[in-house]
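Please read it with the sequence and the coordinates open beside you.

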Amino acid sequence: MGTLTTAEAGPGARLYEAADWYDAESLLTPEERQVLSRLRSFLDREAKPLLAEYWERGEFPEQLARPLIDLDLMEPAGLTADGPARGIYQGFRIFELARTDASLATWYTAQAGLFRTAIRVGASAEQQAEWMPKVIDFSLKGVFSLTEPESGSDIAGGLSTTARRQPDGSWILDGAKRWIGGAATADVLAVFARDTADGQVKAFLVDRTADGVTLEKIHGKTALRMMQNAHITLTGVRVPEAMRLHNVNSFRDVAAMLRAMRSDVAWIATGIAAGAFEAALAYINERRQFGRTLGSFQLVQEKLARMLGNVTASLSLVVRLTEQQAKGIYRDQDSALAKMQTSLFMRDTVALAREVVGGNGITLAAGVARFHADAEAVYSYEGTHEINALIIGRALTGESAFTR
């Protein structure tokens, strides 16, 4: 994208004035805000006009993929001379995408969050040196393939996909994965499998077009309809040792990835809540009933205040979590708390937004219905409410309630 210019965001201009009541945006540098302003302009101009149509069709607007990549959002020129992009910028990048559309945010973070984390945490130094630049510029597109048809929350003990080491050092993978977003357009699948020799979890980059790999689109979804989720079947798939992530040797290593990624989902939940709130606010300030705007009614204002409180509390959670992680503090209970609570606030906010918009709240035209439906998927992925609550409970009491 070249160097940043100060004209794009405008001096002193705020991006999130309505939803960011306590001005968490002020933690961003001017250069970071300029990149986000550029993203905002693209989303408003190119993405928003397509969302209702493609959501209803259950298809991803592929014409947005390359322009989004070309925006150079992952490690923008001008932000990363002294190291990787700051966590607070990455969080607001997710927030900006999610306040526009949950599927767009999920699609982008599949690469910038899940797959990048798999390489950052799971790959050896040599593998990172080869793959990470390609991950950042999307010349190597990948997806995180952990969840299975019969195992979700219990994946630590229930992982059934197997990996068998061969005499020549290669591996044979057999099993299935489900709910893998973006798999159909990925170059590789980061597949987690249980080593039949030692029972420990290993991870592999599997060529999507390899012999024995079958992908089926999951149809009939009522949430994240634009995001293309796949059921993947692996039958005798051969993977060379060079494509094994050498730092993944147990589920403990996978847990380290999940610990980092839950914060991304908390930012998505916060963005969805903000998007629903902003759409509802715009609607009620224009819609007239009984000769007055809806925004002039006491009960509507009370619901707006509750929505804003939810968004403000969520932003406070994710900003503080991100600040802690920037210091190297990664704790399961911290990311679990943020994901659990922002998802609860999100669910409440989208319901209130749909309510104040009335009957038009169930139509795509009003801008609330997508958020209302998509929130249900985000509420469940990267750990259901109950699982995250038990992670927190274990930290509070020292007792694990997962198994008896």
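This is a predicted model: local features need pLDDT of at least 70, side-chain atom pairs count only at pLDDT 80 or more; totals for chains, interfaces and linings use all residues.

1. Leaving aside neighbours within four places in sequence, Leu104 is in contact (heavy atoms within 4.5 Å) with Leu43, Ala47, Leu51, Phe60, Leu64, Leu68 and Met226. Leu104 lies in helix H4, where helices are DSSP runs of H or I with at least four residues and strands are runs of E with at least two, each numbered from the N terminus. Leu104 is buried, with a relative accessible area of 0%; buried means under 20% relative accessible area, exposed over 50% and partly exposed in between, with a 1.4 Å probe and protein chains only.

2. Residues are numbered from 1 along each chain as its sequence is written, and side-chain values use heavy atoms, with hydrogens and water left out.

3. The largest nonpolar core has 80 residues, and those with the most contacts inside it are Leu68, Phe92, Leu104, Trp107, Trp267, Ile272 and Met346. Such a core is a set of buried Ala, Val, Leu, Ile, Met, Phe, Trp, Tyr and Cys residues joined through side-chain atoms within 4.5 Å. At least two residues of this core come from each of helix H1 (30–57), helix H2 (65–70), H3, H4, H7, helix H8 (298–326), helix H9 (332–357) and H10. H7 gives the most, with 14 residues. A second, separate core of 26 residues includes Met132, Ala190, Val201 and Leu205.

4. Phe92, among the residues with the most contacts inside the largest core, touches Tyr16, Ala24, Glu25, Leu28, Leu36, Trp267 and Leu315, not counting residues up to four places away in sequence. Glu25, one of these partners, forms a salt bridge with Arg33, with the closest N and O atoms 3.0 Å apart; a salt bridge is a side-chain nitrogen of Lys or Arg within 4 Å of a carboxyl oxygen of Asp or Glu. Glu25 is buried at a relative accessible area of 1%, and Arg33 also counts as buried, at 13%.

5. By this rule the count comes to 29 salt bridges, and a few deserve a look. Arg370 pairs with Asp101, the closest N and O atoms being 2.6 Å apart. Because Arg370 lies in helix H10 (residues 369–380) and Asp101 in the loop between helix H3 (87–100) and helix H4 (102–122), the pair ties together parts that are 269 residues apart in sequence. Both Arg370 and Asp101 are buried. Lys202 and Asp195 also meet in a salt bridge (3.1 Å, N to O), with Lys202 buried at 6% and Asp195 buried at 6%.

6. Where does H4 kink? The kink, of about 50°, is centred on Thr109, the bend at a residue being the angle between axes fitted to the seven residues ending there and the seven starting there. H4 is mostly covered, with 18 of its 21 residues buried. At the start of H4, a side-chain oxygen of Asp101 reaches to within 2.9 Å of the backbone nitrogen of Ser103.

7. Helix H7 (residues 251–284) has 34 residues and spans 49 Å from its first C-alpha to its last, close to the expected 50 Å, which is 1.5 Å times one less than the number of residues. H7 bends by about 25° at Ala260, and 29 of its 34 residues are buried.

8. Asp72, in the loop between H2 and H3, has phi near 60°. Phe138, in the loop between helix H5 (125–136) and strand E1 (142–145), has phi of about 70° and counts as buried at 4% relative accessibility.

Notes: A polar contact is a pair of N or O atoms within 3.5 Å; within protein, one must be able to donate a hydrogen and the other to accept it, and residues adjacent in sequence count only if both atoms are side-chain atoms.
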